[in-house]
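Have a look at the sequence and the model, then read on.

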Amino acid sequence: MSKIRILPDALASQVAAGEVVERPAAVVRELVENSLDAGASHIEVHAQRGGMAMLKIVDDGSGMDREDAMLSLERHATSKIRTKDDLAAIMTFGFRGEAVPSIASVSRFRLATREKDALVGTEVEVNGGKLIEVRDHGGASGTTIEVRSLFFNVPARRKFLRTEPTEFSHVEQQVMLHAIANPHVAFTLTHNGNPVFHLPATRDLLERIRGLMGGELASRLLKVEQQTHHGVTISGYIGGPGMSRSNRQQQITYLNGRPIESTSISYGLREGYHTALMKGQYPVTFLFIQMDAHAYDVNVHPAKKEVRFHDGNSVRDAIARAISRTLETANKLPTGHVPRRVEAELAAETPPPALKLAPQVEMPPPPKQEVFRLPVTPASAPLKREFLPPEPPKAVSAPEPLPALKAPETTEEPKVPEFRIIGVLQKLYVLMESPEGLVMMDQHAAHERVNFEKFRRALESGGVPCQRLLMPITLQTTPRDSDLLKQNLPALGKLGIEIDAFGPNTFKVEAVPAFLKTDDPAAWLDGVIEELRSLSSKTSSLRLSEDAIATTACRASVKSNDVLSIPELQALLKDLFACEMPYCCPHGRPTLVQIGTAELERKFGRRAPT
Ligand SMILES: Nc1ncnc2c1ncn2[C@@H]1O[C@H](COP(=O)(O)OP(=O)(O)OP(=O)(O)O)[C@@H](O)[C@H]1O
Ligand SMILES: [Mg+2]
């Protein structure tokens, strides 16, 4: 007897539902996408008990007539695609005709819908995939879908649900994703009857982001000017150098309006941020990618979270370029800031007043006295960035510039704050007094940044000077490392490492970078190879060399326990502020941290907490 059986429809739907609907947030995703496809201008999402007890999505979109309302409950019934060609260039969120029947098969489901001009609408009730009742509906035009007792008939699924707060946080994230991509649509979200947010329609993406994420975060974002490379158009907002998170929740990217994740995109972001992002941290992005819908396939993931690009490299490249351009432009008008971890360490109820720093100004040789002056934009300057959270806004009363300061090329006189070196803590943290309060510099991180940029400049102008080794080093490698080294010989040569293949899996190293301070060049080289190995799988060869520079620079930087004299520290400070990106080391860690006077006063009880 045959063992293969065709599944009854209801069971087939439940199986399909397992792929489409894994938790309440997935129901929200599917229904909100349907509302957007229906042209809604206001979407409400109401959840009870994290969405497990009830989810209700109300829209004012096109609505459906009775025939369509009934058809929408059938599997493979869709109004959105008709032919194979449509599938090759999907411009709507939906295309499978799976979502509604899947959801209805695993819940107590009610659909009420009315087209704008119809006198009467339709209400349909379905229980675990079984049609219970169809009746007239006299409510507002648009569509309301209510999903109660999700997975009541699939206990195996129910077991995978987490706590109410966890499920709700996924629901919220889902609504947020679509709300950001559609500022022109008003969104309302409630939980257990309490409002979570109400976002009025707006034309301004940043206003929408502010409405969801708060003004503090929004004020620290950099605008990515719309730009196109290889047919891939990028725009949106991103966090500046040093603004990072320990998870991907705020690494938000859209492809033609659809929130998606993709390794090409992640690599592009990482490559674009390059040294402005700490290892193991993720950037904050609200990035929109527009491209021809023929150039990728969305039909590869049951929840449509991932896509397959025909040419992932172009996408990665376009993103990397857009990000690095944005960071470069922003860096000329510096606004670095301290990553969360540091913010937490400072435990500031209110962030300390910001020290405002100007675009790079050519500095004179370090003055002999202990007072060190840094260029600052006047508080009224239209373009400025802060390296600490920018609240509360406070004018910087900058002292007069030193007479020795060379006039900058701009017409504006630079105003300079004073950094007085107080001492060094744990042979690592340089404590300084500024007009704003206490500034701390991580001398190791600062050196890394200085060396990194020195190295990169040398590279750009033809190569890093090298020092010949008295005794050439012979390196034995595995065949894999040997390939890796061979591919990167030119880049290594430019980096000041003179290395040649010398028989199978053997290399001879004749010279290392001139500035390298190490007693054991062989161990240092091992480290570089290790770095190449870990990077080779992730980044393009162009970046491979740059990343190697970053780490190389690090390894060659002063050790944290090197004791530096005051003039050496002053020179370091000067070099740091001559850098393009002074506020973080090549790994994205902060180089400078400030505790403002107000914050100190609060800590010592001289000022009431605000
Ligand atoms: N809120 C809504 N307003 C108007 N029509 C809707 C709404 N929700 C669903 N529909 C109609 O019901 C059909 C079926 O919806 P369903 O979500 O099951 O499939 P889909 O969106 O076409 O594809 P997918 O399974 O990929 O989401 C849609 O094609 C659409 O015509
Ligand atoms: Mg759909």
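## Strands side by side

Let's start with Val58, whose bridge partner in β6 is Thr144. This is a predicted model, and in it β2 and strand β6 (residues 142-148) run antiparallel to each other, paired over six bridges.

β2 also has a partner in β1. Strand β1 (residues 42-48) pairs with strand β2 (residues 54-59), again in the antiparallel sense and over six bridges.

## A residue in a helix

Next up is Leu36, which you'll find in helix α2 (residues 24-37). Is Leu36 buried or exposed? Its relative accessibility is 12%, so Leu36 counts as buried, the cut-off being under 20%.

Now follow the chain along to Asn182. Leu36 and Asn182 are 146 residues apart along the chain, yet their C-alpha atoms are separated by 8.7 Å.

## Negative charge on the surface

Over on the surface, there's a patch of negative charge where Asp65, Glu67, Asp68, Glu115 and Asp117 gather.

Where does Asp117 sit? Look in the loop between β3 (108-114) and β4 (121-127). Asp117 counts as exposed because its relative accessibility is 77%, and the cut-off for exposed is over 50%.

Methods:
Residues are numbered from 1 along each chain as its sequence is written. Chains are lettered from A and ligands numbered from 1 in the order in which they are written. This is a predicted model: local features need pLDDT of at least 70, side-chain atom pairs count only at pLDDT 80 or more; totals for chains, interfaces and linings use all residues. Side-chain values use heavy atoms; hydrogens and water are left out. Patches are made of residues with over 30% relative accessible area and no salt bridge: like charges are joined within 9 Å, nonpolar side chains (Val, Leu, Ile, Met, Phe, Trp, Tyr) within 5 Å. Accessible areas come from the Shrake-Rupley method with a 1.4 Å probe; for residues, only the protein chains shown count as cover. A salt bridge is a side-chain nitrogen of Lys or Arg within 4 Å of a carboxyl oxygen of Asp or Glu. Lys and Arg count as positive and Asp and Glu as negative; His and the chain ends are not counted. The place of a charge is taken as NZ of Lys, CZ of Arg, CG of Asp or CD of Glu. Helices (H or I, at least four residues) and strands (E, at least two) are DSSP runs, numbered from the N terminus. Buried means under 20% relative accessible area, exposed over 50%, partly exposed in between (1.4 Å probe, protein chains only). Two strands pair if DSSP finds at least two bridges between them.
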